[in-house]
There are 2 protein chains.
Amino acid sequence: MSLREIKMERTRELIVEVAFSRFQEQGFAATTMEEIAAAAEVGTRTVYRYFPTKEALALSEFVAVFDASFHALRDCPEETSVSEVLRAGLESLLRSYEEEPDRLRAAHAIAHETPSVRAHFAYLLETHEATLQQEVAHRIGGASAELLASLAVAQTGAVFGSAVRKWYTTGAPDDLRKQVRAALQALRAGEVPAPAPLA
Amino acid sequence: MSLREIKMERTRELIVEVAFSRFQEQGFAATTMEEIAAAAEVGTRTVYRYFPTKEALALSEFVAVFDASFHALRDCPEETSVSEVLRAGLESLLRSYEEEPDRLRAAHAIAHETPSVRAHFAYLLETHEATLQQEVAHRIGGASAELLASLAVAQTGAVFGSAVRKWYTTGAPDDLRKQVRAALQALRAGEVPAPAPLA
């Protein structure tokens, strides 16, 4: 990273930090981009240069989390089994949440309460899953690769998603891994009911 | 339904029909609510009374489809197995798509191209899944009901979602059932790779 990049990264991090402390003090809706800029001692235009909308600012941490998980998955050697590749993606998600539990919990809370943020989050999640699917399909190969990859990624996402929902509404910070483990165990043990065959 | 309700339903349907023919002629972005109102020969305020935003108008069919699927699932007798309940929900989705393939395909295309619609769609889907999860959890019962229900609903959704994606980008109108059947078969046969256990 060049000095310029390091400075940009610091400014960005400062804006996010200031924004989240405002969100937690007075709520997402009541906080303006102008206020965030003032508290971070930068111009409003600077804030907008980093984050086109307040929604994007609230969700910026998820973008980083998803990118890390995609890279963990993509960086597995070609010969790694698909199950191990999926595990690598899941393990990366868990590590990110373990590193930044407070901010991610706050971001989930905002997404849950605010329809515009929730919609944007759902969109991020969907595009992230599509990217993962391509990578997994490439590794599965063969005629039904696309189908199997989309089911496998959705399943893995559901394992993490169900655990996160439980964690951020109720849990202690270290509960997430336990929840993910329980969900994964249920899935692997074939305990999850599948629809009966179509007529 | 009262006469008043029937008239309201007709107006609503007329607005949606006119809107979709505009969307297909000139694109979603280029069409205004004012134009839709003029083409349907109603006031702009009437259009807004039915649909708060153009996004909501484009996605109104999905709301009906999701409602029908929830009712199909909820109306299963208490003693129905969870697999049969999930099948009932899936079958209802399929029937809706078979009844209105053109409009649903057009709505998917708009959602795919337009970030604001796609975000709203992802949000609809998420809230729909949450409703289904509650109903399924209630039927599973026991300590891990919530966990199993959220995985089961996500899996069922993935079966339908992967089929729809294939159908609306490439397929012939009658292909959807074939795709759903293939996805369900792969899932039931245990062909979908699950993540390896966490370290």
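**A first walk through the model**

Biologist: Where is A:Glu41 found?

Modeller: A:Glu41 sits in the loop between α2 (33-40) and α3 (44-50) of chain A, where helices (H or I, at least four residues) and strands (E, at least two) are DSSP runs, numbered from the N terminus. Please keep in mind that this is a predicted model, in which local features need pLDDT of at least 70 and side-chain atom pairs count only at pLDDT 80 or more, while totals for chains, interfaces and linings use all residues. Residues are numbered from 1 along each chain as its sequence is written, chains are lettered from A and ligands numbered from 1 in the order in which they are written, and side-chain values use heavy atoms, with hydrogens and water left out.

Biologist: OK, and is A:Glu41 buried or exposed?

Modeller: A:Glu41 counts as exposed because its relative accessibility is 74%; buried means under 20% relative accessible area, exposed over 50%, and partly exposed in between, with a 1.4 Å probe and protein chains only. Most residues other than glycine have a negative phi.

Biologist: What about B:Glu41, where's that and what is its phi?

Modeller: B:Glu41 is placed in the loop between α2 (33-40) and α3 (44-50) of chain B, and its phi is near 55°, again a positive value in a residue other than glycine. With a relative accessible area of 76%, B:Glu41 is exposed.

Biologist: Switching topic: how many helices and strands does chain A have?

Modeller: Chain A has nine helices and zero strands, and its C-alpha atoms fill a box of roughly 60 × 40 × 35 Å along the principal axes. Of its 199 residues, 50% count as buried. If you take contacts (heavy atoms within 4.5 Å) between residues of chain A at least 6 apart in sequence, 65% of them join residues at least 24 apart.

Biologist: Tell me about α9(A); which of its residues are buried?

Modeller: The buried residues of α9(A) include A:Leu176, A:Arg177, A:Val180, A:Leu184 and A:Leu187. They pack against α5 (82-99) and α8 (145-170) of chain A, together with α8 (145-170) of chain B. The length of α9(A) fits too, because its 14 residues (175-188) should span 20 Å at 1.5 Å a residue, and its end C-alpha atoms are 20 Å apart; the expected span is 1.5 Å times one less than the number of residues. Just after the helix, A:Gly190 takes a positive phi of about 70°.

Biologist: You listed an arginine there; what does A:Arg177 touch?

Modeller: Leaving out residues up to four places away in sequence, A:Arg177 touches A:Glu91, A:Leu94 and A:Glu98. A:Arg177 is buried, with a relative accessible area of 19%. The C-alpha atoms of A:Arg177 and A:Tyr97 are separated by 9.5 Å, although the two residues are 80 apart along the chain.

Biologist: Last one: where does A:Leu132 lie, and what does it touch?

Modeller: A:Leu132 lies in helix α7 (residues 115-140) of chain A and is buried, with a relative accessible area of 9%. Not counting residues up to four places away in sequence, A:Leu132 touches A:Phe70, A:Leu73 and A:Val153. From A:Leu132 to A:Glu9, which is 123 residues apart from it in sequence, the C-alpha to C-alpha distance is 26 Å.
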